[in-house]
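Dear colleague,

Please find the structure below for your records.

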Amino acid sequence: MTIELLYFEGCPSWTVARDNLAQALELVGVPGRPVELVEVLTDEHAAALAFPGSPTLRLDGRDLFEPQEASGLACRLYPTPQGLVGAPTVGQLVDALTNAG
């Protein structure tokens with residue numbers, strides 16, 4: 001199982017996603033599971049990765065959430081019970097990891 005967190009440095013939400021993912025991995029029984037951080041540096045790099053925005057979370061190459069069109073170096077929004085935010089909640093990540101596995 002390969003878990004990737006794709007981001008660009010200017011995104012303020014990627015660290016929230018990283019921290020929420022760590023909590024979710026603990027809750028699904030794989031604490032400390034390695035997460036590959038993939039910094040997207042250019043629009044060309046984003047296009048090559050089909051990067052829909054930062055942060056993007058992938059499990060074995062598949063987006064854990066509703067795939068979006070590639071958008072380049074932009075922030076991604078996630079619908080949550082609290083409205084649109086820049087990172088999925090811990091609960092959403094637990095559900096996505098459970099359903100993906």
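Which side chain meets that of D19 in a salt bridge? The partner is R18, at 3.2 Å from N to O. Please keep in mind throughout that this is a predicted model.

Both members of this pair are partly exposed: D19 has a relative accessibility of 38%, and R18 has a relative accessible area of 33%. The cut-offs behind that term are 20% and 50%, and partly exposed residues lie in between.

The structure holds two salt bridges. In the other, the side chains of D63 and R76 meet at 2.9 Å, again from N to O. D63 belongs to strand β4, whereas R76 sits in the loop between β4 and β5 (78-80), so the pair ties together parts that are 13 residues apart in sequence. R76 is buried, with a relative accessible area of 2%, which is under the 20% limit for that term.

Turning to the sheet, four strands form an open arrangement in the order β2-β1-β3-β4, and their pairing is mixed. Strands β2 (35-39) and β4 (62-63) stand at the edges; each has a single partner strand, so one side of each is left without a neighbour in the sheet. Strand β1 (residues 3-7) and strand β3 (residues 56-59) run antiparallel and are joined by four bridges. Within β3, T56 stands opposite L6.

Helix α1 (residues 14-27) packs on this sheet and touches β1, β2 and β3. The direction of helix α1 makes about 165° with that of β1.

Yours sincerely,
A colleague

Notes. Residues numbered from 1 in each chain as written. Predicted model: local features only at pLDDT ≥ 70, side-chain atom pairs only at ≥ 80, totals over all residues. Heavy atoms only, no water. Pairing = 2+ DSSP bridges. Helix = DSSP H or I, 4+ residues; strand = E, 2+ residues; numbered from the N terminus. Contact = heavy atoms within 4.5 Å. Axes fitted to C-alpha atoms, helices over the stretch in contact; angles between N-to-C directions. Salt bridge = Lys/Arg side-chain N within 4 Å of Asp/Glu carboxyl O. Buried < 20%, exposed > 50% of the residue type's maximum accessible area, 1.4 Å probe, protein only.
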